Amino acid sequence: MRRLLPVTDMTAHDTAAGEAPETGAGTTAEAPAGGREWSLDELADAYAYPQGDRVWLRANMVSSLDGAGQHDGRSQPLSSETDMRIFGTLRGLADVIVVGAETVRLEGYRPARAREAFAARRAAAGQGPAPVIAVVTASLDLDFSLPLFTEPLVPTLILTGAAAPAERVQAARKAGAEVLFAGEGAGVDPARAVAVLAERGLRRQLTEGGPRLLGQFVAAEVLDELCLTISPTMTAGGAQRIAGGPSVAVPTRFAVASVLEQDGFLFTRYRRI
């Protein structure tokens, strides 16, 4: 993997705020020399969350060159082996993975697994063996017989509104999921969802979409960081972008934190200014 810009969490914004990444040694991550493949530990240092008790929501998405966030309804055709290594690294660092119900259905979500490569790092950070999966849904129209609900290492969370269908809430709880209310109506308030998870000690937050959920986080101004893989592919067609829903009144500005390159794929990180 080739470094195009310094791979570090110590951007000018963070330095001013007195923050540093949660690297294994408590120091700024250094990029390995040459074009060799990075180890998972090096990737984990490069993508470490900021230190301290601050709640941090990052998104991980992939986009084609012509702006498609998926192909035939799935992101996998745009991905690569290195993209999946970074995908796994981001999961290995997170307390919780927040995902929309439609993405759960389309992508065939399974429980997050414990990985030996991140075990010591997670233990040192006071984290459990694997991140929690939190599904955002208003209707709770989910198949509770799926492994995501029947075989999780840690119980799957359901984020919904106070007016969600009572029978579906009961079905979710019966399946072993824990239901959290993060909105007054049927739907979820994005800022409240972030807060509800943080109240449970889940401050290192990662969302993997889909586009509608990411758009809601952007509109609510609670997204801190975007990890965007730019795939060297063209899809044409009418595929969704990585973020959907109503546009914001004023475009949200982000600053580049790092860029990596491998086999024509760009692995970028941006932080909200």
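Me: Which helices do the buried residues of α5 pack against?
Reply: Keep in mind that this is a predicted model. The way to read helix packing is to find the buried residues, then see what they touch. Here the buried residues of α5 contact α2 (40-46) and α3 (81-93).

Me: Which residues of α5 are buried?
Reply: Within α5, which spans residues 116-124, the buried ones are Phe 118, Arg 121 and Arg 122. They lie on the same side of α5, because the arc they cover around the axis is only 100 degrees.

Me: And what does the face turned away from the buried side of α5 carry?
Reply: That face holds exposed residues: Glu 116, Ala 120, Ala 123 and Ala 124. Just after α5 comes Gly 126, with a positive phi of about 75 degrees.

Me: Let's turn to rings. How many aromatic pairs does a search of the whole structure find?
Reply: The search gives 2 aromatic pairs. To read a pair, take the distance between ring centres and the angle between planes; planes over 60 degrees apart count as edge-to-face and those under 30 as stacked. Phe 144 and Phe 149 are edge-to-face, at 5.0 Å centre to centre with 75 degrees between the planes. Both Phe 144 and Phe 149 are buried.

Me: Why is the pair of Phe 265 and Phe 267 stacked?
Reply: Their planes are at 10 degrees, with ring centres 6.3 Å apart, so this pair is stacked. Buried means under 20% relative accessible area. Phe 265 therefore counts as buried at 9% relative accessibility, and Phe 267 counts as buried at 1%.

Me: Where does the charged end of Arg 58 sit?
Reply: For a charge and a ring, look at where the charged end lies relative to the ring centre. The charged end of Arg 58 is over the ring of Tyr 49, 4.2 Å from the centre of that ring.

Me: Finally, which residues have the most contacts inside the largest nonpolar core?
Reply: They are Tyr 47, Val 135, Leu 142 and Ile 158, in a core of 38 residues. Next, ask which elements supply the core. Among those giving at least two residues each are α3, β4 (132-136) and β10 (265-272), while α2 gives the most, with 4 residues. There is also a second, separate core of 26 residues, including Met 61, Leu 180, Ala 182 and Leu 202.

Notes
Residues numbered from 1 in each chain as written. Predicted model: local features only at pLDDT ≥ 70, side-chain atom pairs only at ≥ 80, totals over all residues. Heavy atoms only, no water. Buried < 20%, exposed > 50% of the residue type's maximum accessible area, 1.4 Å probe, protein only. Arc of directions from axis to C-beta. Contact = heavy atoms within 4.5 Å. Phe/Tyr/Trp six-rings, centres within 6.5 Å; stacked < 30°, edge-to-face > 60°. Lys NZ or Arg CZ within 6 Å of the ring centre and 35° of its normal. Core = buried A, V, L, I, M, F, W, Y, C linked by side-chain atoms within 4.5 Å.
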